[in-house]
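Reader: I would like to go through the assignments in this model one by one. For each, please set the value against the criterion and conclude.

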Amino acid sequence: MPRKEQGWVTFQTSEDERKILEEFCEQSQRTKTEILRELVRSLNQHSSTPISPPSKQEKQEDTYTQKPERESNIQKKSLKVSSRNILKGVVKRVIYGAVNSEVTLEIIHKVELTSIITRASAEELELAEGKEAYAVIKSNDIVIARE
């Protein structure tokens, strides 16, 4: 089946734009598809007025005067997860390794869950002792999340 019939969207980007997207994907540990879907969905929320395409002069100014942004301007939303086994807890300890981190949550007094997640994820979630977080259990995996 051709890509157009499957809902594929393709477009050309500059080498710099590709590098920015790839770096963002690596830092956020999400795929290009996930990032672009989130971006497209956010357009609906932010555009109450029609967006006019930039003029030729604006395009030239943009090319020569603006530096590419490395941070996302996408607003973070409250956490919604498809898993039904979500346990709220408090971070008891985080042991950072070179690649992975061991995170222990205390769910209730003396009931702890431990998960191994990437160091980048632990840093992105800003996990630290005493902070609230969630254990999201899917099958045999425990995923750590924060609001």
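Reader: Which residue in β4 is the bridge partner of V90?

Author: In this predicted model, V90 has E132 of β4 as its bridge partner.

Reader: What makes β1 and β4 a pair of strands?

Author: Pairing requires at least two bridges between the strands. Strand β1 (residues 85-96) and strand β4 (residues 132-138) are joined by six bridges, so they count as paired. They run antiparallel.

Reader: Why is the contact of K88 with E132 called a salt bridge?

Author: The cut-off is 4 Å between a side-chain nitrogen of Lys or Arg and a carboxyl oxygen of Asp or Glu. For K88 and E132 the N to O value is 3.4 Å, so the pair qualifies. K88 belongs to strand β1 and E132 to strand β4, 44 residues apart.

Reader: What makes β1 and β2 a pair?

Author: The same criterion of at least two bridges applies. β1 and strand β2 (residues 100-108) share six bridges, in the antiparallel sense. One of the residues involved is Y96, whose bridge partner in β2 is S101.

Reader: Why is the contact between E112 and K92 called a salt bridge?

Author: The N to O value is 2.6 Å, and the limit is 4 Å, so the contact of E112 and K92 meets the criterion. With relative accessible areas of 32% for E112 and 35% for K92, each is partly exposed.

Reader: Which residues are linked with E112 and K92 in a network of salt bridges?

Author: R93 and E106 are linked with them in that network. The structure holds seven salt bridges.

Reader: What makes K32 and E22 a salt bridge?

Author: Their closest N and O atoms are 3.4 Å apart, which is within the 4 Å limit. K32 sits in helix α3 (residues 32-46) and E22 in helix α2, 10 residues apart. K32, at 40% relative accessible area, is partly exposed, and E22, at 39%, is partly exposed too.

Reader: How do you know that the span of α2 is close to the expected one?

Author: Helix α2 (residues 15-28) has 14 residues, and the expected span at 1.5 Å a residue is 20 Å. From its first C-alpha to its last, α2 reaches 20 Å, so the value is close to the expectation. Just after α2, Q29 takes a positive phi of about 55°.

Reader: How many helices and strands are there in the protein chain, and which pattern do they follow?

Author: The chain has five helices and five strands. Along the sequence the pattern is α-α-α-α-β-β-β-α-β-β.

Reader: How many of the 147 residues, in percent, count as buried?

Author: The share is 16%, where buried means under 20% relative accessible area. The accessible surface of the chain comes to about 12,300 Å², and carbon and sulfur atoms hold 50% of that.

Conventions
Residues are numbered from 1 along each chain as its sequence is written. This is a predicted model: local features need pLDDT of at least 70, side-chain atom pairs count only at pLDDT 80 or more; totals for chains, interfaces and linings use all residues. Side-chain values use heavy atoms; hydrogens and water are left out. Helices (H or I, at least four residues) and strands (E, at least two) are DSSP runs, numbered from the N terminus. Buried means under 20% relative accessible area, exposed over 50%, partly exposed in between (1.4 Å probe, protein chains only). Accessible areas come from the Shrake-Rupley method with a 1.4 Å probe; for residues, only the protein chains shown count as cover.
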